[in-house]
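Trainee: I would like to learn how to read the contacts, strands and helices of a model such as this one. Could we go through them one feature at a time?

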Amino acid sequence: MRCMRRTLAVVVALVSVAAWPADAAAGKVWFLRQGDAVAVERRADGVAATLRALLAGPTARERARGLSSALPAGVPVRSLVIRRRLVTLDLGARVATVAPDRTLRSRVRQLVLTVGSVRGVTGVRVLVEGGVPLGLFPGVDLRRPLRPSALPAEPETGLGALRQRLEDLGFLPRGGPDSVDERTGVAVLAFEKWARLPRDGRLDPRDISALVVASRPRPSQLVGPGRRIEVSLDRQLALLIENDRVERAVHISTGAPGWSTPAGSFRVYRKERLSWSVPFEVWMPWASYFTGGIAFHEYSYVPAYPASHGCVRVNSFDATMFYDFATYGTPVRVLWSA
Amino acid sequence: MSRTALLAAALVTASVTASGAVAATAPTRTAGELAVALSLPAPGFQVGSVRGARVVYARGLEVDVARVLARRLGLARVRLIQVRDTTRLLAGGAKRWDVSLAQLVPVQKARAVAFSVPYLPAGQAVLAARGVPRPRGLTALRRLVVCAVRRTPGAAFLAQRLGTSRRLVARDLGELLRWTQTGRCEAAVADLPTLAARLRGSGGRYGRVVGAIDTGDAFAVALPAGSPLLADVNRALTRLRRDGTLRRIALRWLAFDPARLRVLARAR
């Protein structure tokens, strides 16, 4: 009886697929590169052939180019039915083998993007062993058909989630706008400096992978209650610390070669909202001096490398916050490496 | 010795020999089959796929417990049934199942069902963020920024027992774990079984579970009130706990065995 039912399902599938208008154009199959879905072209006509191409996985050449598939090898297709432009895929339990949540979500993403990209398909329904999956693919509701355009954002790596994470880690201030703006780029740069990643201020897959598992920066040493500032010359980062906890990590630029910012322990001794640099004839807003003529101050150009004449340039987004934090007498430690 | 006495002795010997299976003919609704009510999904405990009320594929801690329980009861088959609303499991009316495993904590009010001995502790767990020294009691916990999910027993515990101003309330477990990972929280109090399932495969990025808060709660198997199966289920579960089977199942699906956690405090 069971065998007969399966034969029937295959027949339904074949009839349905045959009834579908053949698409002579090359199909698109979605694989993964560093966690992101990437489309590759395949000579595949219609849903069944495109699905077969997906389940076959990337070619050796594509693998060498860094493409992979979250779908395990040998996922059985129990049936494939197309009705009113809605594709119902019934797959074997192998499609849901135990894996990290993100991998499980990627499986659904690959299936829906691939099958949904076939011309004429308006939705994709995924069944496992003939039933509606409940909890097998965390974060994806498969009780209803999915459209490629309406796939849920990856909870950990969506832009909003990443921005939130930068806030949680102290690279962005709390309560800022929800949008991803220039300020987010500055926070990304600060994170890249802390994580010792290439400093370009852009969230690439390597940054995202590091961000997802990152923990809050820690001070170089624990000294107890009170406020202090640690400046890391090699990372080009200032840590604003309160009670041994890093409240904010700020992107800065210290003295260029030949104008090095002196390492050592100091205290903020002079503060000026708008300071005039006599030797360099330039205004320095929000200046907090901590040794001689060396100060933290706002500057319009804060590159990812040491570029100043000895002062610590602070980006415009963080300058007033930095000024308020660095009250008179605040200890400042400038370290070669932290 | 009379023939009757010999027969009685033989029967006793046979029953002792067959002690591995609690009852060769466990009194179930359908002979040889255990009908198990689940309430999918509960990550780590029961996930799968359903067609109508029939669970066609399932896996998780409670699914494994149901299967070993059936084996111990001498039943060859397990039929899994989906009951979407867990309150229906405990409500009155005819039951289509023999036992139910759905993260159920025994409650006095549920008169329509009887509960077995517990199979898993279900109190609260204390998670310490990375780099935070292990708190060994409530006093140490009070010195930390401690978080919980709002409107949970964890949040109530923070308010009633910790009495510290250094506490934060997260919207959900995802936010709580993010805060713990990123250092906004130094410790967190959360539902023990849920946390144990969520931390599995996380590679320690959220910190480590350092102890439990005993609330007196535990998961138990529910049976229809007056079920003749109750004594057999209790015996089987006791044996499964003693021989380490429950521990092995817990370690298969959870990040740690909840029964082995050090108790830091009692909620009641």
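Mentor: Let us begin with the term contact: two residues are in contact if their C-beta atoms, placed from the backbone, lie within 7 Å. Bear in mind throughout that this is a predicted model.

Trainee: Among contacts in chain A between residues at least 6 apart in sequence, what percentage join residues at least 24 apart?

Mentor: In chain A, 58% of the contacts between residues at least 6 apart in sequence join residues at least 24 apart. The secondary structure of this chain comprises eight helices and 15 strands, and buried residues account for 41% of its 338 residues.

Trainee: How many of the six residues of strand 8 of chain A are buried?

Mentor: A residue counts as buried if 20 or more other C-beta atoms lie within 10 Å of its own. Five of the six residues of strand 8 (residues 237–242) of chain A are buried, so this strand is largely enclosed by the rest of the structure.

Trainee: How do the axes of helix 5 and helix 6 of chain A cross?

Mentor: The axes of helix 5 (residues 159–169) and helix 6 (residues 182–194) of chain A come within 11 Å and cross at roughly 60 degrees; the two helices of chain A are therefore oblique to each other. The contact is made by Arg163(A), Leu166(A) and Leu169(A) of helix 5 and by Thr184(A), Ala187(A) and Phe191(A) of helix 6, and its residues divide into four nonpolar, one polar and one charged. Helix 5 of chain A passes helix 6 of chain A in a left-handed crossing.

Trainee: Which strand of chain B is joined to strand 6 of chain A?

Mentor: Strand 6 (residues 132–134) of chain A is joined by three bridges to strand 2 of chain B, and the two run antiparallel; Pro133(A) has Ser49(B) as its bridge partner there.

Note on methods
Residues numbered from 1 in each chain as written. Chains lettered and ligands numbered in written order. Predicted model: local features only at pLDDT ≥ 70, side-chain atom pairs only at ≥ 80, totals over all residues. Axes fitted to C-alpha atoms, helices over the stretch in contact; angles between N-to-C directions. Helix = DSSP H or I, 4+ residues; strand = E, 2+ residues; numbered from the N terminus. Parallel < 35°, antiparallel > 145°, perpendicular 65-115°, else oblique. Left-handed = near helix turned anticlockwise from the far one by under 90°. Nonpolar A, V, L, I, M, F, W, Y, C, P; charged D, E, K, R; others polar. Buried ≥ 20, exposed ≤ 12 C-beta atoms within 10 Å, placed from the backbone. Pairing = 2+ DSSP bridges.
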